Amino acid sequence: MADLGISAKSEEDFSKVRNKALFNSIQHLLSPEETQLISLNDIKELLHPDNEVYVGMKTVPVENIIGSEGRYNDFDNLFFPKHSHLKNRWLNIDKAYMKGVILPAVTLYEIGGVYFVRDGNHRVSVAKARGVEFIDAEVTSLRTEIRLTPGKSMETIIKQIIAYEKRHFYAMTNYGDITGDWSLDFTTAGQYDVIYNHILTHKYYINQKQVEEISMTDAIMSWYNTVYMPVVNTVNQHKIMKKFKRRTVSDLYVWIVKYWDELKKALGEDFSLDQALEDFTHIYSETISAKIKNYLKKVWLKRSTFKKK
């Protein structure tokens, strides 16, 4: 293919991926966070990897590259370029592919079985756009026990992390067999550690009044019956879940207990759970219409700022 033909085809390729990026953003107009390329730092904060191990050169499935260390604002969750200033470099790499030029290996971090770009974001973007299955990469592994499968958004990865945390919590504490409750579910990561700390704190205070230390089994059952379920029952009685439809009752338990504790510290121990629930619901519940209004307001402010420049 002549250089002019290659240039024209490359321009066409870039136009296609930019249109796909635009269509992707339109599809997620009310949930723009779902089109955000996953940040390595965000994953590290969730998984807390133990250490780094240099792996070296290997061939990596392109579909397993799901995010970036530093360029997550330049590409969407499908690795389509979001900005026109990325065009020239993207075109040069696309042309190199068409000419059969061997490109340098990309540099990747591996964590939990998925990969994040350290260097070579444009090369990965072009490879994904052209349907390339494998890419040469220099890999450094961040060690963690959690195994992940490729996901197109942070939400899908968080769900996998939460599922792992639940399995680990139930296996470690035998919580399900003790309480008969297998529905301790959360929509954010790290909450099973919060629950475990609540149980340990409950166990500590019970032991202050005991001659012999109670078992972990008895502590879990006591916490479940005297702490957790009273809050859950109150939430259900007030029908608060209607205003938090994308959350779980376990989510509400953690948030409300934290909020109630803060209110009691500020206003005194007499501040009731019912009062805390009412106050919490008034402040933190948000309807769909409010979310739409807030989103449109942000769009309008961005456009107004752009027009003033």
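User: What share of the contacts in the protein chain with a separation of 6 or more comes from residues 24 or more positions apart?

Analyst: The share is 72%, where contact means heavy atoms within 4.5 Å. The model is predicted, so local features need pLDDT of at least 70, side-chain atom pairs count only at pLDDT 80 or more, and totals for chains, interfaces and linings use all residues. Residues are numbered from 1 along each chain as its sequence is written, and side-chain values use heavy atoms, without hydrogens and water.

User: Why are α3 and α4 called oblique to each other?

Analyst: Helix α3 (residues 87-99) and helix α4 (residues 121-129) pack at an angle of about 55 degrees. Angles under 35 degrees count as roughly parallel, over 145 as roughly antiparallel, 65 to 115 as roughly perpendicular, and the rest as oblique. α3 and α4 are therefore oblique.

User: What makes up the contact of α3 with α4, by class?

Analyst: The α3 side includes Trp-90 and Asp-94, and the α4 side includes Ser-125 and Val-126. The contact has 6 nonpolar, 2 polar and 3 charged residues. Ala, Val, Leu, Ile, Met, Phe, Trp, Tyr, Cys and Pro count as nonpolar, Asp, Glu, Lys and Arg as charged, and the others, Gly among them, as polar.

User: Which word describes α7 and α9: parallel or oblique?

Analyst: The axes of helix α7 (residues 191-207) and helix α9 (residues 249-267) cross at roughly 55 degrees. α7 and α9 are therefore oblique to each other.

User: Which residues of α7 make the contact with α9?

Analyst: They are Gln-191, Val-194, Ile-195 and His-198. The contact of α7 with α9 has 5 nonpolar, 2 polar and no charged residues.

Definitions and conventions: Axes are lines fitted to C-alpha atoms, for helices over the stretch in contact, and angles run from 0 to 180 degrees between N-to-C directions. Helices (H or I, at least four residues) and strands (E, at least two) are DSSP runs, numbered from the N terminus.
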